Amino acid sequence: MKKSLIAVAVAAALPAAAIAQTNVQLYGIGDVNMTFQNDDASATGDSRFVMNDGLQSSSRVGIQGSEDLGGGLSAEFRFEMGLDVDDGDDESKFFGRQARVGLKGGFGRIRFGRQYDTIFYTALDQDLTGNGFYANQYGFAGSSGRLDNMVEYHNKFGGFELFGMLAPSESADPNEDDFFYGIGGKFSLSGFGVGLGYQSEGEAGGAIFQIGANGTFGPFSVGLNYGQNDGGASNNERTDIGLTAAMKLGASGNLIFTSEFIERDNQGDETGLGLAYTHGLSKRTNLYAAFGTVDIDGVDGTPSQLSLGVRHRF
């Protein structure tokens, strides 16, 4: 209750701050859907309808801004919390999605705090859903997606982007690695792109390698990611392959096929498939329909879901 009251107070105060300082912005996404779950997907074991949050994009509210420090240098910040539109609840961490402060200048950008990791950026362009809908590639090859205590560096040189990260683990285990780290890059030119990343998340998370490519051919687009994780101390090595394809339908429609194949040494292999259609009502609002199914070796049944939803960005 206390967290909810704080969130309401912050949201109420922000519009006045945004008026006083034009470089401070309140933003967010509301995404909610009605979903039919078959027997295998339902928590009750019987098929049912449920209302869910955040299928195309996780719902969120955030504050971001910047200050011009002169000489081409600027300071920037972002604090972003997740929430569930279906019941109004928030995440366990108050600003669990992002909480970062940084500097930007001719040297590039350096940011400190909780934020997206290297593999997130190098794999993102190959997932044509933007890490949304069923069988998406967020946390590709077992990467965390976001990490606490991170120092992140980014710079752009024409069509090439460089990413690097370093994060102290702050683990109480003296045998745990002191730092998580990663480096990667992506290159784009004339509708085509490639991404390559390496990330170490210590004994628990393992060492992760990712490579991918994407291309656009008129109304058609395709993206492919390949990744390996050595499993760390668990020795549960895994290999991921993510494939997405999209086709524009008219001025407002987009049809997207998603798939992810995961091969694990010590657990059942997993195949996830999805199909989604989005229809834009404006630049900020769209409707969507999505179907997803997953098959896991050694697990009975095939969980499947069909969703109809709406997303609004502000």
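1. Basis. The model is predicted, with local features requiring pLDDT of at least 70 and side-chain atom pairs counted only at pLDDT 80 or more, while totals for chains, interfaces and linings use all residues. Residues are numbered from 1 along each chain as its sequence is written, and side-chain values use heavy atoms, with hydrogens and water left out.

2. Nonpolar core. The largest nonpolar core has six residues: Leu 55, Phe 133, Tyr 134, Ala 276, Tyr 288 and Ala 290. Such a core is a set of buried Ala, Val, Leu, Ile, Met, Phe, Trp, Tyr and Cys residues joined through side-chain atoms within 4.5 Å; buried means under 20% relative accessible area, exposed over 50%, and partly exposed in between (1.4 Å probe, protein chains only). Setting aside residues up to four places away in sequence, Phe 133 touches Leu 55, Gln 56, Ala 276, Thr 278, Tyr 288 and Ala 290, where contact means heavy atoms within 4.5 Å.

3. Paired strands. Strands (E, at least two residues) and helices (H or I, at least four) are DSSP runs numbered from the N terminus, and two strands pair if DSSP finds at least two bridges between them. Strand 7 (residues 146-157) runs antiparallel to strand 8 (residues 160-168), joined by seven bridges; Val 151 stands opposite Leu 166 in strand 8. Their hairpin has two residues between the strands, and Gly 158 adopts a positive phi near 65° there. Strand 8 also pairs with strand 9 (residues 179-189) in the antiparallel sense, over nine bridges, and Met 165 has Gly 182 in strand 9 as its bridge partner.

4. Thr 129. This residue lies in the loop between helix 2 (118-124) and strand 7. Thr 129 is buried, its relative accessible area being 11%. Its side chain makes a polar contact of 2.6 Å with the side chain of Asp 127 and reaches the backbone nitrogen of Asn 131 at 3.2 Å. A polar contact is a pair of N or O atoms within 3.5 Å; within protein, one must be able to donate a hydrogen and the other to accept it, and residues adjacent in sequence count only if both atoms are side-chain atoms.

5. Asp 53. Asp 53 belongs to strand 2 (residues 48-53). The residue is buried yet has no salt bridge, defined as a side-chain nitrogen of Lys or Arg within 4 Å of a carboxyl oxygen of Asp or Glu. The nearest side chain of opposite charge, Arg 97, is 8.1 Å away. The side chain of Asp 53 does form a polar contact of 2.6 Å with that of Ser 59, and reaches the backbone nitrogen of Val 85 at 2.9 Å.

Definitions and conventions
Lys, Arg positive; Asp, Glu negative; His and termini not counted.
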